[in-house]
Amino acid sequence: MRFTELPRPARVLFGAGRFAELGDEAARLDVHRVVVVTTPGRKALGEQAAEYLGDRCAGVLADAVEHVPGEVADAGVARARELGADACVAVGGGSSIGLGKAIARDVRLPLLAVPSTYSGSEMTPVWGRTEDGVKTTGRDEAVRPAIVVYDPELTTSLPVRTSVTSAVNGLAHAVEALWAPDTTPVVRLEAAESARAIVDALPRVVSAPDDLDARADLLYGAWLAGAGLAVTTMGLHHRLAHVVGGGLDLPHAGTHTVLLPRVLAFTLPAVPDVAAVLADALGGDPVEVLTTMLARLGAPTTFADLGASAADLAAVAPRAVEPPPRHPRVPTVAEVRELLDAA
Ligand SMILES: NC(=O)C1=CN([C@@H]2O[C@H](COP(=O)(O)OP(=O)(O)OC[C@H]3O[C@@H](n4cnc5c(N)ncnc54)[C@H](O)[C@@H]3O)[C@@H](O)[C@H]2O)C=CC1
Ligand SMILES: O=C(O)/C=C\C(=O)CC(=O)O
């Protein structure tokens, strides 16, 4: 055994009602000009965050957009500077956190995250930015949220379809953490527990979206998934998700959902140890369990469901292997085309 275990420096608060502790957490950081960012759809949540922050809130920006378009990131950075912000709270899904990260990266201020989906972004030092149809990602410790508040009450409003796709976005982090070249024994324990929790909780959330216990269990799985993504190298699955989702401006979580069963089928024969861990966590053949569960839950299963054509997919396919991803089974361009065609 040989590994390097990385620190995870975030302070994590978990539990129903903990959003109300946001003001105390800002006080703990001794910040006084906090800019709140969210998506237009979550504006009320941003205003609630402002209320919890009280005099410490400098303003609310409800402009976040999926895949962090460059112009949206730059406008957010400029507004944070105008407001004299000394911290940023991102409340909402991965898009809100993505804008918060863009501000943290340029303005160099601490980020607090209050996630309302299962994207896992709140746990990672990974930033993203999309320019001219090309999504770039990188890692910078400055964007890793210092404080993360997981409050399952914020997630009960998440529509069932988004809950399903977002949960699969989380599951994809756990899967890739298992086969990453820099995985560790601790990451593997977390990732296996994450997969087990997500696959157990998701059907319960679909049948009872207001069930706080089911929502909490799913959020717990998403937390562990994000924790794994934070410290491991992303492989083919995330490369494809970024090339296809960012390149064609498709919904991020839906893109992960269409891809995951296919990338699992392509990769698992090369990593029987991971196949065994996942079979144990999911209670059967991972590809079969996932495919059956997603069909039953009404998830998108093809790129056509997301509005992409075969020609769109063929155009972006070569980017998936330039440079080759660090993956247990590196595909040729022809194999990428085949996988995307099938999807
Ligand atoms: N850097 C990282 O580590 C990661 C980044 N991401 C990024 O996050 C973005 C996708 O994030 P998602 O969370 O999938 O989507 P999102 O943040 O765009 O949310 C999807 C939609 O649901 C709405 N919404 C969010 N929470 C809600 C709730 N509780 N109730 C009702 N509506 C709600 C939003 O307003 C939005 O319209 C992408 O840009 C992706 O690249 C995703 C995973 C990891
Ligand atoms: O694909 C993911 O879920 C993980 C990382 C990103 O989305 C990168 C980003 O845009 O922040």
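In this predicted model, 24 residues of domain 1 are in contact with 32 residues of domain 2, contact meaning heavy atoms within 4.5 Å. Domain 1 covers 11-154 and domain 2 covers 160-342; these bounds come from an automatic or database domain assignment. Taken over C-alpha atoms, the centres of domain 1 and domain 2 are 24 Å apart. The two domains bury about 2200 Å² between them, 65% of it on carbon and sulfur atoms. Buried area here is the accessible area, for a 1.4 Å probe, that two parts lose on being put together, summed over both. On the domain 1 side, the residues that lose the most area to domain 2 are His 67, Tyr 118 and Arg 139, together 33% of what that side buries.

His 67 also has a backbone feature: its phi is near 70°, a positive value in a residue other than glycine. His 67 sits in the loop between β3 (57-61) and α3 (70-82). Helices (H or I, at least four residues) and strands (E, at least two) are DSSP runs, numbered from the N terminus. A cis peptide bond, with omega near -10°, runs from Glu 322 to Pro 323. Pro 323 is placed in the loop between α13 (310-316) and α14 (333-342).

Next come the pockets. On a 1 Å grid over the protein atoms alone, a cavity is a set of points where a 1.4 Å probe fits but cannot get out, whereas a pocket is an open set with protein on both sides within 12 Å along at least five of seven lines; lining residues have an atom within 4 Å of a point. Grid points are joined across faces, edges and corners, and a volume is the space filled by probe spheres set on the points.

The largest pocket holds about 860 Å³ of space. It is lined by 40 residues, and Glu 66, Gly 94, Ser 95, Ser 119 and His 252 are the closest to its centre. Domain 1 and domain 2 each give at least three residues to this lining. At least two lining residues come from each of α4 (94-107), β6 (126-131), β7 (134-139), α5 (160-179), α8 (236-248) and α9 (252-267), and α5 has the largest share, with six. By class, the lining of the largest pocket has 24 polar, eleven nonpolar and five charged residues. Ala, Val, Leu, Ile, Met, Phe, Trp, Tyr, Cys and Pro count as nonpolar, Asp, Glu, Lys and Arg as charged, and the others, Gly among them, as polar.

The second largest pocket has a volume of about 460 Å³. Of its 21 lining residues, Lys 135, Thr 137, His 238, Arg 239 and His 242 lie nearest the centre. β7 and α8 each supply at least two residues of this lining, and domain 1 and domain 2 each supply at least three. The lining of the second largest pocket divides into eight polar, seven nonpolar and six charged residues.

The chain has a mean pLDDT of 97, with 100% of its residues at 70 or more; pLDDT is the predictor's confidence in each residue, from 0 to 100. The model scores ipTM 0.98 and pTM 0.97.

Residues are numbered from 1 along each chain as its sequence is written, and chains are lettered from A and ligands numbered from 1 in the order in which they are written. In this predicted model local features need pLDDT of at least 70, side-chain atom pairs count only at pLDDT 80 or more, and totals for chains, interfaces and linings use all residues, while side-chain values use heavy atoms, with hydrogens and water left out.
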